[in-house]
Amino acid sequence: MINRVVLVGNLTRDPQYFKTQSGISYARFTVATTKKYGNNEETAFIGCIAWRGAADYLNQYAKKGSMVAVEGHITTGSYDDKTTGKNVYTTDVTADNVRLINGPKESHDSTQQPSSQSKSNSSYS
């Protein structure tokens with residue numbers, strides 16, 4: 001089976017940067033992509049998450065409106081909404097590689113330190 005996603009679009013807001021209890025950094029962000037067909041356009045807003053070095057890179061350099069290229073895979077999950085008591089299902093793109101199109105030239109994943117040329121999200125904890 002294949003689960004690969006490639007996105008190019010603009011950040012809808014500054015990435016939200018967090019650290020887990022064990023100190024691993026991650027960032028949540030939304031990429032707006034536009035599909036054109038004929039004289040029409042359709043914009044999709046796609047939730048993404050990046051881990052480790054990719055998260056650190058986004059936190060340092062990415063801002064609302066930044067154009068990014070994201071390579072990754074679709075992940076699903078669920079959680080209990082504490083206000084409604086209902087189970088909420090989620091679908092996100094977990095970024096294996098992130099590159100700012102209009103920013104620093106290097107791309108980043110989560111397997112290396114933020115100063116390196118390449119970063120990927122091979123493990124999450």
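A polar contact is a pair of N or O atoms within 3.5 Å; within protein, one atom must be able to donate a hydrogen and the other to accept it, and residues adjacent in sequence count only if both atoms are side-chain atoms. The model is predicted: local features need pLDDT of at least 70, side-chain atom pairs count only at pLDDT 80 or more, and totals for chains, interfaces and linings use all residues. Residues are numbered from 1 along each chain as its sequence is written, and side-chain values use heavy atoms, with hydrogens and water left out.

His-73 sits in strand E5 (residues 67-80). Helices (H or I, at least four residues) and strands (E, at least two) are DSSP runs, numbered from the N terminus.

Buried means under 20% relative accessible area, exposed over 50%, and partly exposed in between (1.4 Å probe, protein chains only).

| Residue | Relative accessibility | Class |
|---|---|---|
| Tyr-17 | 29% | partly exposed |
| Tyr-57 | 1% | buried |
| Tyr-61 | 35% | partly exposed |
| His-73 | 17% | buried |

Tyr-17 belongs to strand E2 (residues 16-19). Its side chain makes a polar contact with the side chain of Asp-56, at 2.5 Å. Asp-56 is one of the buried residues of H1. Seven of the ten residues of H1 are buried, so the helix is largely enclosed by the rest of the structure.

Tyr-57 and Tyr-61 both lie in helix H1 (residues 52-61), four residues apart, about one turn of the helix. An α-helix has 3.6 residues a turn, so residues three or four places apart point the same way.

Rings of Phe, Tyr and Trp (its six-membered ring) pair if their centres lie within 6.5 Å; planes under 30 degrees apart count as stacked, over 60 as edge-to-face and the rest as tilted. The count is three aromatic pairs. The ring centres of Tyr-57 and Tyr-61 are 5.4 Å apart and their planes stand at 55°, so this pair is tilted. Ring pairs also link Phe-18, Tyr-26 and Trp-51 into a cluster.

A nonpolar core is a set of buried Ala, Val, Leu, Ile, Met, Phe, Trp, Tyr and Cys residues joined through side-chain atoms within 4.5 Å. The largest has 17 residues, and Val-70 is among those with the most contacts inside it. Strand E6 (87-100) is one of the elements that give two or more residues to this core. E6 gives the most, with four residues.
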